[in-house]
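The sequence and structure come first, followed by notes grouped by topic.

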Amino acid sequence: YETAEVTKKNREGLDLWINDAKKQNYQLIIVLIPPKIHHANTNFYGGMRDYLVAKNIRFYDLTEPFAASKKRSEQLYWLNDGHLNNEGNVFVGEFLANTLKN
């Protein structure tokens, strides 16, 4: 991820956001929401996680709680597209609420 040409524009955008957070003095928290077909693949965001760690950015990789939940992708995403369904949004909201309060 850190050096791939295909992720260059994404890294540039992230770096702008990281610099803005520092300049404006707010904490940037990135939530990595996996695509439906990789919802429980805890290696999916490996390179991006390494990049965020190197940049000292707080993040949450949702592949980990999705995998731990043992829920099938159909329980979290709409059948006809890759967006989270109602249950998926509730799952993410509860996860973040419980995680961020600590």
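The model is a predicted one.

**Helix 1**
- Helix 1 has 17 residues, which at 1.5 Å a residue should span 24 Å; its end C-alpha atoms are 24 Å apart, so the two values agree.
- The buried residues of helix 1 include R11, L14, I18 and A21.
- These residues lie on the same side of helix 1, because the arc they cover around the axis is only 85°.
- Exposed residues on the other side of helix 1 are K9, L16 and K23.
- Strand 1 and helix 2 are among the elements that cover the buried residues of helix 1.

**Nonpolar cores**
- The largest nonpolar core has 12 residues, including L14, I18, A21, Y45 and F59.
- At least two residues of this core come from each of helix 1 (8-24), strand 1 (29-32) and helix 2 (46-54).
- Another core, of 9 residues, lies apart from it, with L62, F66, L76 and L84 among its members.

- L14, in helix 1, has a relative accessible area of 9%, so L14 is buried, the limit being under 20%.
- Leaving out residues up to four places away in sequence, L14 touches Y1, I30, M48 and Y51.
- Between L14 and Y51 there are 10 Å from C-alpha to C-alpha, with the two 37 residues apart in sequence.
- With residues up to four places away in sequence again not counted, I57 touches I18, L28, I30 and L52.

Conventions. Residues are numbered from 1 along each chain as its sequence is written. This is a predicted model: local features need pLDDT of at least 70, side-chain atom pairs count only at pLDDT 80 or more; totals for chains, interfaces and linings use all residues. Side-chain values use heavy atoms; hydrogens and water are left out. A nonpolar core is a set of buried Ala, Val, Leu, Ile, Met, Phe, Trp, Tyr and Cys residues joined through side-chain atoms within 4.5 Å. Buried means under 20% relative accessible area, exposed over 50%, partly exposed in between (1.4 Å probe, protein chains only). Helices (H or I, at least four residues) and strands (E, at least two) are DSSP runs, numbered from the N terminus. Contact means heavy atoms within 4.5 Å. The expected span of a helix is 1.5 Å times one less than its number of residues. The arc is that of the directions from the helix axis to the C-beta atoms.
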